[in-house]
Amino acid sequence: MYKKWTKKEAIEDFKQHYMPSIRAQEEEWGGGVDVIFRCESWNNYTDYLCKDGLISDRQYMTWVHPSICG
């Protein structure tokens, strides 16, 4: 069993591995921050973490979007 990640660890991983491609997509769409796209990306990311056992169901259900989402 893996150690469950903290929200801080998840946010840092999201920033490092997902935000570069999110920003690139936003640039392609016109350069502005797309809050809906960022929030949906965070939702998909936490869904993956939960299904992979890296966060608990409770963490998945209670974590709000981080400030990086807009």
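Trainee: Which backbone oxygen does the side chain of Ser41 reach?

Mentor: Bear in mind that this is a predicted model, and that the distance is therefore a computed one between heavy atoms. Ser41 belongs to helix H3, which covers residues 35-51. Within the cut-off of 3.5 Å for a polar contact, the side chain of Ser41 comes to 2.8 Å from the backbone oxygen of Phe37.

Trainee: Is Ser41 buried or exposed?

Mentor: A residue counts as buried when its relative accessible area is under 20%. For Ser41 that area is 16%, and therefore Ser41 is buried.

Trainee: Leaving aside neighbours within four places in sequence, which residues is Ser41 in contact with?

Mentor: Contact here requires heavy atoms within 4.5 Å. Once the neighbours of Ser41 within four places in sequence are set aside, the residues in contact with Ser41 are Phe14 and Ile22.

Trainee: How many helices does the protein chain have?

Mentor: Read from the N terminus on, the elements of the protein chain follow the order α-α-α-α. With 0 strands in the protein chain, the number of helices is 4.

Trainee: What percentage of the residues of the protein chain count as buried?

Mentor: The C-alpha trace of the protein chain spans about 40 × 20 × 20 Å along its principal axes, and the accessible surface comes to about 4800 Å², with 54% of it belonging to carbon and sulfur atoms. Of the 70 residues in the protein chain, the share that count as buried is 31%.

Technical notes:
Residues are numbered from 1 along each chain as its sequence is written. This is a predicted model: local features need pLDDT of at least 70, side-chain atom pairs count only at pLDDT 80 or more; totals for chains, interfaces and linings use all residues. Helices (H or I, at least four residues) and strands (E, at least two) are DSSP runs, numbered from the N terminus. Buried means under 20% relative accessible area, exposed over 50%, partly exposed in between (1.4 Å probe, protein chains only). A polar contact is a pair of N or O atoms within 3.5 Å; within protein, one must be able to donate a hydrogen and the other to accept it, and residues adjacent in sequence count only if both atoms are side-chain atoms. Accessible areas come from the Shrake-Rupley method with a 1.4 Å probe; for residues, only the protein chains shown count as cover.
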